[in-house]
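Subject: Handover of the structure

Dear colleague,

I am passing this structure on to you, together with a summary of what was found in it. Please look through the sequence and the model first, and then read the notes below beside them.

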Amino acid sequence: QQQQTLTMWSHWPDEVSKRSFIEERVKQFEAATPQCKVNLQFVQKADLYTSVKTSVRTGQAPDIFWLEPDEIAFAKSGYLEPLDKYIDLANLEDWAKRAWTWNGKVYAMPQEAYSVELYYNRDLMKKIGVTPPAGMQMTQAQFADMVKRSVAAGITPTATGVGDRPYPGAYFLQEILLRKLGTEDYEKLLTGKLPFQDPRVIEAMTWVKQLVDAGMFPRSMATMKLGESHYYFHTNPGALMFPIASWYTGRAFVAPEKGGQPKDFALGLMKYPAMDGSKCPECKTLAVGGSYVMYSRSKNKECAGKMLSSLATVENGNKWMESVLLQTGVRTDPSRITSIYAPYFKELQERGAGARYFIGTPLHYMSGKCGDTFAQVLNRAFPGGLVSVNDAAAQMDAACKASG
Amino acid sequence: MAAVHLENIFKRYKGTAQPAVDDVSLSVQDGEFMVLLGPSGCGKSTTLRMIAGLEAISEGSLAIDTRKVNEVPAKDRDIAMVFQSYALYPHMTVADNLSFGLRRRKVDSQQIAARVKSAAGILGLNELLARKPAALSGGQRQRVALGRAIVREPKVFLFDEPLSNLDAALRVNTRNELVRLHRRLGATMIYVTHDQVEAMTMGQRICVMNKGKVAQVGKPLDVYRAPADAFVARFLGNPPMNILKARIVQGPSSAVAALGGSELPLARWARAALPPASELLVGVRPEELQLHEAREGVGTLRGVVSAIEPLGAETLLMVSLEGDAGDVMARLHRDVKSSIGDRVGLTIPDEALYLFDAFTEKAIPAADVGAP
Amino acid sequence: MAAVHLENIFKRYKGTAQPAVDDVSLSVQDGEFMVLLGPSGCGKSTTLRMIAGLEAISEGSLAIDTRKVNEVPAKDRDIAMVFQSYALYPHMTVADNLSFGLRRRKVDSQQIAARVKSAAGILGLNELLARKPAALSGGQRQRVALGRAIVREPKVFLFDEPLSNLDAALRVNTRNELVRLHRRLGATMIYVTHDQVEAMTMGQRICVMNKGKVAQVGKPLDVYRAPADAFVARFLGNPPMNILKARIVQGPSSAVAALGGSELPLARWARAALPPASELLVGVRPEELQLHEAREGVGTLRGVVSAIEPLGAETLLMVSLEGDAGDVMARLHRDVKSSIGDRVGLTIPDEALYLFDAFTEKAIPAADVGAP
Amino acid sequence: MTDPSSGVAAAMRRTLASWLSAPEADSRRASLPTVMLFLAPALLVYAALTAYPVLRTFYNSFFNVADLASSEFVGWAHYAEVFKDRTFWAAVRNTAAWSVIGPILDVVVGLLLALCLYAGVPFSRFLRVAWFTPVLLSYVVVGIMWVWIYNYDWGVVNGMLRAMGLESWAQAWLGDPRFALGSLIVTHAWKWAGFNMVVCLAALHSLPSEVLEAAELDNCGWWHKLTDIIVPMLWPTLLNLYILAFIGKMKVFDLVWIMTEGGPVWSTETVSTYVYKRAFNWNTFDLGYPSAIAVVWFFVVVGFVVFFNLLFRRRERMEY
Amino acid sequence: MTSASTTLKPPAAVDHREPLTAALSRMLRNGGLMAAVVLYTLYSALPFLWIGTMSVRTTSEISANHFAWPETFHWEKFRIAWVDSNFAQYFWNSSLIVVSAVAIVTLLGAAAAHCLARYNFRGNRLVYFILFSSIVFPPQIILISLFQVLVEYELYNSRLGLMIVYVSLQLPLTVYLLEGFFARIPQDLFDAAKMDGYSDFEIFWRIVLPVGMPAIATTIILNFIQLWNEFLFAVVLLSDQGSRTLPIGIRAYMGDYFQDIGMIATGMMIAVIPVVVLYAFFSEKLIQGMTAGAVK
Ligand SMILES: Nc1ncnc2c1ncn2[C@@H]1O[C@H](COP(=O)(O)OP(=O)(O)OP(=O)(O)O)[C@@H](O)[C@H]1O
Ligand SMILES: Nc1ncnc2c1ncn2[C@@H]1O[C@H](COP(=O)(O)OP(=O)(O)OP(=O)(O)O)[C@@H](O)[C@H]1O
Ligand SMILES: O=P(O)(O)OC[C@H](O)CO
Ligand SMILES: [Mg+2]
Ligand SMILES: [Mg+2]
């Protein structure tokens with residue numbers, strides 16, 4: 001059979017564990033499949049998207065590339081190859097498959113999955129004299145009080161940076177909303193079927209706005225990059241909490257001189273607070289993250305299919321969890337996981353125990369103007385204290401109802 | 001070497017009403033040094049550039065020897081031109097400037113070297129061959145421009161005011177050099193200038209142009225002495241000829257020109273030769289006027305000294321004639337003692353008088369034609 | 001109105017060895033028209049610009065009337081200057097150009113209007129007041145530049161070759177206008193030129209400069225007739241004075257200058273006045289030479305005609321003297337008949353002879369000093 | 001000439017002949033082939049890579065172009081939408097503000113710097129290089145540099161304010177819609193002042209020194225020399241620079257993209273970034289709508305340039 | 001400005017005080033001027049210095065104190081940045097693309113400029129206007145369809161494609177600058193060469209180009225600076241990592257090092273130093289060319 005070289009582009013150039021995981025899989029694949037060579041490149045997300053979004057139209061996109069489910073439009077526009085006949089779909093979690101299903105076909109190998117978590121610094125928490133409740137979920141009042149104490153102690157309550165990402169600023173609000181509304185209404189909200197001007201939404205936003213005004217977010221949030229916000233949280237100047245997805249580990253669990261968290265860092269995980277009168281305090285976001293897709297005009301579909309198929313095994317799912325300490329859309333057998341970070345991982349699983357998952361982040365549901373408005377208003381302006389509740393809700397409704 | 005014949009040549013620029021060159025006919029003989037002289041804008045450069053092939057001829061025929069060349073492009077006419085601005089190639093050394101035209105013509109390199117050497121020798125450029133034009137003085141640049149023409153050994157040399165950028169002393173020198181060069185090469189040369197001294201001293205013949213037309217062609221002194229019209233008379237000579245309006249009155253023996261109170265007998269003109277109109281223009285060159293103590297008598301202009309310019313070598317006297325007949329300039333001996341406001345008389349030798357028609361400004365020849 | 005006194009003024013530009021102005025002392029009287037004359041680069045402009053305050057004075061003292069002004073900035077010296085390039089403000093109308101200096105001096109607006117009107121009247125600019133400089137001819141610009149100086153009613157007017165951009169005819173006119181203006185305003189004027197005709201006709205006194213030094217100061221004709229050195233002698237006069245090397249020999253009654261084969265008696269000089277060295281320079285102006293048929297005798301230069309330039313009004317003869325004594329130029333009557341190669345004699349009137357020291361080039365005054 | 005058809009033919013033949021055969025005897029004329037030899041390559045590049053794409057953009061703007069292979073005609077729909085698009089209008093406002101204010105800053109600073117050098121401050125050779133250096137840097141470098149300079153926590157600006165005891169003045173310069181656009185404009189001016197300086201300096205040096213001296217004799221101090229003489233005489237140059245900068249700013253993209261990507265809340269969105277986002281960054285894949293914006297913007301820019309030209313038409317050529 | 005008031009007083013009174021006040025005001029003025037000059041120089045140069053210090057410090061050192069002078073100079077960071085990131089490749093790509101684009105645009109532009117400046121032919125000004133007016137085209141008007149066009153010509157994602165796009169981008173400016181300069185080359189020079197027997201093309205090659213060198217040098221430098229730093233078209237028209245140019249490389253590099261400010265500073269210095277060094281050498285030429293009237 002003829003030798004094929006496929007091009008594969010991945011995000012994560014700065015996340016060592018994910019990177020080496022993929023590199024190893026590729027090496028194994030090449031060893032096992034001599035007729036296929038893989039030209040693997042790690043490209044920062046922004047650049048990757050820029051390149052891929054232009055090159056898919058030209059027939060020159062990489063054979064395999066990295067996408068998140070908010071880019072399902074690739075599939076809708078016919079740029080992706082359905083994977084049904086290439087990989088063993090049984091090895092994928094159902095919710096993960098759903099995130100990538102369009103017209104009945106599955107379009108991606110959901111390598112990465114994550115839940116949206118609230119990390120905190122145990123030492124600082126002690127310093128301001130707060131002890132998290134047993135269930136690790138605070139009430140509205142407890143949480144507000146903690147924020148106030150933190151501010152009073154000169155400690156930024158939450159590290160958040162939206163300088164280069166359209167979503168982290170909205171994590172907190174989004175989780176509050178999910179709990180307040182419950183999965184069904186939350187989904188309606190995200191798909192434009194429920195207005196942001198709904199009283200429950202307004203109520204939630206009003207509370208978050210109070211926290212914002214109390215100084216919950218750093219003033220440098222708007223220009224802080226995602227990577228900087230990690231550093232801000234665990235090293236300098238240090239923040240009490242860090243609302244981020246569970247892929248926190250990718251950037252934090254590396255050597256400190258590479259920007260990772262300090263060796264003895266007292267990382268804790270708690271649940272997002274539930275507002276009084278929340279419909280679903282146990283709700284939680286689970287989402288498919290970085291996934292690999294196959295280009296529909298690829299000239300090396302056979303090899304590409306084999307490559308993706310080699311990733312989609314339970315064994316690899318476990319390896320991923322073990323080395324990256326992060327969920328995956330591939331089926332796994334968590335009991336087998338051992339590593340120095342096992343305690344962390346245990347805690348992560350504890351926080352997820354008994355949760356009701358809502359699958360997908362807002363951007364997975366919003367596109368075009370709506371997505372842009374979300375990124376600008378809910379992700380930046382609202383937590384930055386730059387818009388009022390009503391203004392923000394009105395802007396969201398104007399953009400999302402029209403496109404929804 | 002070659003003769004150049006212009007026949008009824010016109011040049012009309014787009015968007016101008018008057019032709020820049022208006023029906024010019026002129027024959028330049030083989031080996032002749034012809035000067036085109038005229039005031040600024042009279043069409044001298046245009047004429048020259050048409051000969052060179054740098055400007056299309058609107059009408060008429062241009063021939064070099066017997067061949068009509070209207071349509072021949074400049075590069076094939078075998079003519080060399082020296083520009084007022086020298087137009088040296090600023091990025092080439094003097095040697096390269098000299099040889100540039102030959103290299104293009106595929107002259108073999110030994111011969112190029114020989115010709116460059118000889119031209120450099122003639123013009124004293126040997127020391128300068130490796131320099132670039134920026135490092136040369138005005139006079140040296142001028143010589144390089146000349147050299148560039150000489151090495152080409154062309155049929156015809158054209159010069160467009162080549163001396164006007166030089167200072168006075170250098171101008172006199174180069175003038176002489178050019179004349180000597182012409183004698184030595186025996187080449188046909190056409191030389192454009194608006195400087196009458198250059199024209200008088202260099203030209204074998206001069207062609208005076210005015211407003212695109214040829215006013216007069218002839219040997220320099222002939223033209224000076226017998227100008228064809230008032231324009232030529234004024235243009236040649238410095239200070240220029242005094243030309244005054246006069247009335248013709250009948251005198252005792254001949255006609256008399258009356259200027260204000262003064263009367264000049266026109267002995268040399270037959271009555272019949274004078275125009276029927278009673279007005280004409282009387283001309284006299286400043287150097288022909290003599291201060292006359294008597295201040296009276298026929299043939300004497302009377303007036304008041306209005307300005308004195310002692311130039312050292314001579315003195316110019318401006319005299320306002322009686323009866324508002326105008327001002328005349330007299331060029332007198334340096335020792336003249338006179339002061340502003342003096343009433344003086346100026347005599348004019350009979351043979352120094354010129355007459356021009358008041359309307360056409362054409363000269364009215366005297367009966368003893370040809371030797372005024 | 002004011003007098004200007006320069007005392008031992010020096011100007012040294014950075015990086016040049018020779019001072020550009022070298023120990024110049026000069027007093028210009030109140031109301032005088034003084035001309036600074038000299039070849040290009042002799043320091044005329046620099047001197048003028050130091051007076052104006054546009055150039056720092058390296059050494060020496062400059063006083064206007066009795067006040068030392070070395071340190072007074074240009075704008076406070078109350079001097080007006082007319083530049084060679086006119087330096088009109090291109091973005092202002094003629095009227096604004098005229099009034100700008102007054103407005104800056106806070107003269108009240110009625111008076112400005114009056115002064116502008118009067119200056120415009122004097123210079124015939126009334127029609128042009130609303131135009132911008134780009135829409136003016138060279139002569140008109142010149143007049144605006146003048147007007148700008150006049151309205152200021154300054155203590156001193158300075159002119160830096162203001163006519164050199166004009167064509168010949170306009171130059172003569174403007175020259176006269178300027179002289180008239182000076183008479184009318186009675187102002188102190190310092191006028192820089194390298195044109196000797198301008199200097200001779202305009203200046204009440206002229207100051208001839210050479211290489212940064214003052215060569216001679218005096219009335220124009222005095223300087224022409226009694227040049228202080230060979231440089232001045234050559235510089236004033238066109239064609240320039242013939243200056244030849246000669247040996248002094250003892251003649252029968254007086255000393256004799258020997259040039260090649262010819263001998264010129266030096267009757268007007270006492271033996272004692274002549275330098276001990278046996279060499280000196282003999283000068284004679286071209287217009288003083290007379291063609292002499294005899295070709296022999298004391299006081300006659302003998303030679304061969306090497307070039308003839310008939311200029312119409314006169315004829316220039318270049319004569320190569322016998323015995324390689326050099327060339328002399330004679331300015332002769334227009335009717336002279338001579339041809340190249342003729343052997344001729346040229347006589348010199350005794351009183352037309354000049355002597356200069358061969359080394360210092362200083363003039364050696366004759367015994368009957370002051371009236372050569 | 002009596003037969004009209006032969007007359008026409010003859011005329012055509014003559015015209016053709018006059019095109020092809022050079023009136024070689026005129027040095028300012030050249031035959032058509034010669035002219036084409038010089039012009040054709042440039043015109044070809046122009047036609048293929050400027051003219052054609054422009055027309056193509058016009059064409060695109062009437063279609064939905066999600067895939068290169070297929071497109072769907074939508075008529076004027078995109079245009080109708082453009083005029084309702086609030087983000088577009090925000091971008092227009094920002095770009096207009098930037099293009100009008102920015103150049104003033106650039107040109108004034110450039111002129112002042114040039115005047116310093118012209119006045120002969122010491123070390124002018126070094127300063128000329130130092131001040132020009134920002135021009136050499138790519139927007140990427142400038143952008144990152146200034147993002148750091150504006151950093152809220154450890155940026156130079158806030159650092160200095162804090163050092164001066166002005167803690168309350170410290171701002172998230174790029175994070176606050178009130179300051180973000182201004183901060184970008186300052187950065188842009190930082191980069192371009194040197195360019196304007198060099199051009200102004202060249203223009204200053206070609207001013208006739210005698211006119212300045214005349215002004216001095218006319219009792220002008222440095223301030224009046226500047227306002228009454230130098231600025232008016234440099235006016236054409238300054239206008240040119242202004243218009244050049246204006247055009248540049250109507251196009252501004254790179255710096256915004258690197259520093260703020262148009263945020264926060266579209267406060268630094270420019271038309272260029274918006275077009276780019278919609279064409280290559282949003283997950284909508286449609287090239288038609290951004291093309292329509294580009295077309296609208298094209299006419300706006302051309303309109304402005306024509307307007308400027310009319311406005312300044314009177315400026316006669318200054319001779320000096 | 002104090003001297004303005006002194007002129008109003010009678011000159012005699014001013015006489016002795018003048019030098020003093022004048023000197024004082026001059027000193028003040030000069031002092032103010034010098035202060036402004038120093039401040040501006042700091043403003044324009046300090047950012048470099050800052051980035052420069054950061055480029056030889058490690059990120060942890062930097063975050064401890066952002067403004068400290070480096071205690072130890074970590075020069076090895078330059079090696080690491082150069083080796084680990086594709087800088088050599090980016091450099092080569094940028095050089096290849098930019099140098100050829102500048103060479104071609106100079107040649108094409110000069111030919112067109114010469115033709116427009118020298119010859120009278122019908123449509124001369126029209127062609128000039130058309131070529132020049134594209135200077136006002138906003139890039140986005142051609143960006144999108146240029147992308148489509150290059151895809152059709154199969155030049156998308158190729159260095160050749162980007163190179164010819166660069167040629168077209170800089171063409172208007174080049175023609176504009178050179179036309180202005182060439183038009184001022186005296187016609188006599190051109191005529192002299194004609195009479196020396198040279199054809200139009202040879203004259204262009206042997207006279208116009210060498211004589212126009214100051215202006216050509218200026219356009220070369222300007223074009224080079226602009227293209228070397230070009231970002232937008234490079235992002236859209238190249239997707240392959242192997243063909244990226246330097247600005248894109250730095251951007252990607254930033255991403256790769258993400259929160260590693262120190263390394264990013266190192267990368268920035270690598271990108272900046274060559275251009276600055278080049279400019280330090282050629283600044284005189286550039287300014288000469290501009291003063292010669294290339295830009296005005
Ligand atoms: N390219 C042109 N287009 C239109 N008119 C022109 C052109 N060149 C010259 N002219 C006009 O033709 C006339 C003759 O010009 P030409 O250059 O031959 O004068 P000239 O005698 O050489 O003058 P000068 O002594 O000033 O050089 C002038 O009126 C001039 O304005
Ligand atoms: N700024 C300067 N720096 C150095 N040398 C200068 C400067 N200006 C003039 N010079 C030199 O000083 C000398 C006198 O110059 P100046 O301009 O006064 O001459 P000028 O008599 O006015 O000559 P021209 O008739 O050519 O105007 C010249 O040798 C000139 O080269
Ligand atoms: O925004 P990023 O770069 O963290 O990407 C989101 C991914 O899902 C993280 O691995
Ligand atoms: Mg001419
Ligand atoms: Mg001078």
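Buried area, a term used several times below, is the accessible area (1.4 Å probe) that two parts lose on being put together, summed over both. Please keep in mind that this is a predicted model, in which local features need pLDDT of at least 70 and side-chain atom pairs count only at pLDDT 80 or more, while totals for chains, interfaces and linings use all residues. Residues are numbered from 1 along each chain as its sequence is written, chains are lettered from A and ligands numbered from 1 in the order in which they are written, and side-chain values use heavy atoms, with hydrogens and water left out.

Chains C and D

Between chain C and chain D about 2,000 Å² is buried, and carbon and sulfur atoms give 57% of that area. Contact, meaning heavy atoms within 4.5 Å, takes in 27 residues of chain C and 20 residues of chain D. Two salt bridges are found across this interface, a salt bridge being a side-chain nitrogen of Lys or Arg within 4 Å of a carboxyl oxygen of Asp or Glu. C:Arg152 forms a salt bridge with D:Asp218, and the closest N and O atoms of the pair are 3.2 Å apart.

On the side of chain C that touches chain D, at least two residues each come from helix 1 (44–52), strand 6 (79–82), helix 2 (94–104) and helix 4 (138–152) of chain C, where helices (H or I, at least four residues) and strands (E, at least two) are DSSP runs numbered from the N terminus. By class, this side of chain C has 13 nonpolar, five polar and nine charged residues, with Ala, Val, Leu, Ile, Met, Phe, Trp, Tyr, Cys and Pro counted as nonpolar, Asp, Glu, Lys and Arg as charged, and the others, Gly among them, as polar.

Chains E and D

The interface of chain E and chain D buries about 8,500 Å², 76% of it on carbon and sulfur atoms, and brings 92 residues of chain E into contact with 94 residues of chain D. One salt bridge is found across it, in which E:Glu152 pairs with D:Arg56 and the closest N and O atoms are 2.7 Å apart. Nine residue pairs are in polar contact between these chains, both residues being at pLDDT 80 or more. Helix 14 (residues 261–294) of chain E gives the largest share of the side of chain E that touches chain D, with 15 residues, and that side as a whole divides into 68 nonpolar, 15 polar and nine charged residues.

The two domains of chain B

Chain B is assigned domain 1 (4–228) and domain 2 (232–357), with bounds that come from an automatic or database domain assignment. The contact between them takes 15 residues from domain 1 of chain B and 11 residues from domain 2 of chain B. About 990 Å² is buried between the two domains of chain B, 72% of it given by carbon and sulfur atoms, and B:Gln196, B:Tyr224 and B:Pro227 supply 57% of the area that domain 1 buries against domain 2, more than any other three residues. Across this interface zero salt bridges are found, whereas four residue pairs are in polar contact, both residues being at pLDDT 80 or more.

Disulfides and local features

Over all chains the structure holds three disulfides, a disulfide being a pair of cysteine sulfur atoms within 2.5 Å. One of them joins A:Cys36 to A:Cys303, with an S to S distance of 1.8 Å. A:Cys36 lies in strand 2 (residues 36–42) and A:Cys303 in helix 11 (residues 301–311) of chain A, so this pair ties together parts that are 267 residues apart in sequence.

The peptide bond from A:Asn236 to A:Pro237 is cis, and A:Pro237 is placed in the loop between helix 9 (226–234) and strand 9 (239–245) of chain A. In chain C, the bond from C:Asn238 to C:Pro239 is cis, with omega near 0°.

With kind regards

Key. Polar contact = N/O pair within 3.5 Å; in protein donor to acceptor, adjacent residues only side chain to side chain.
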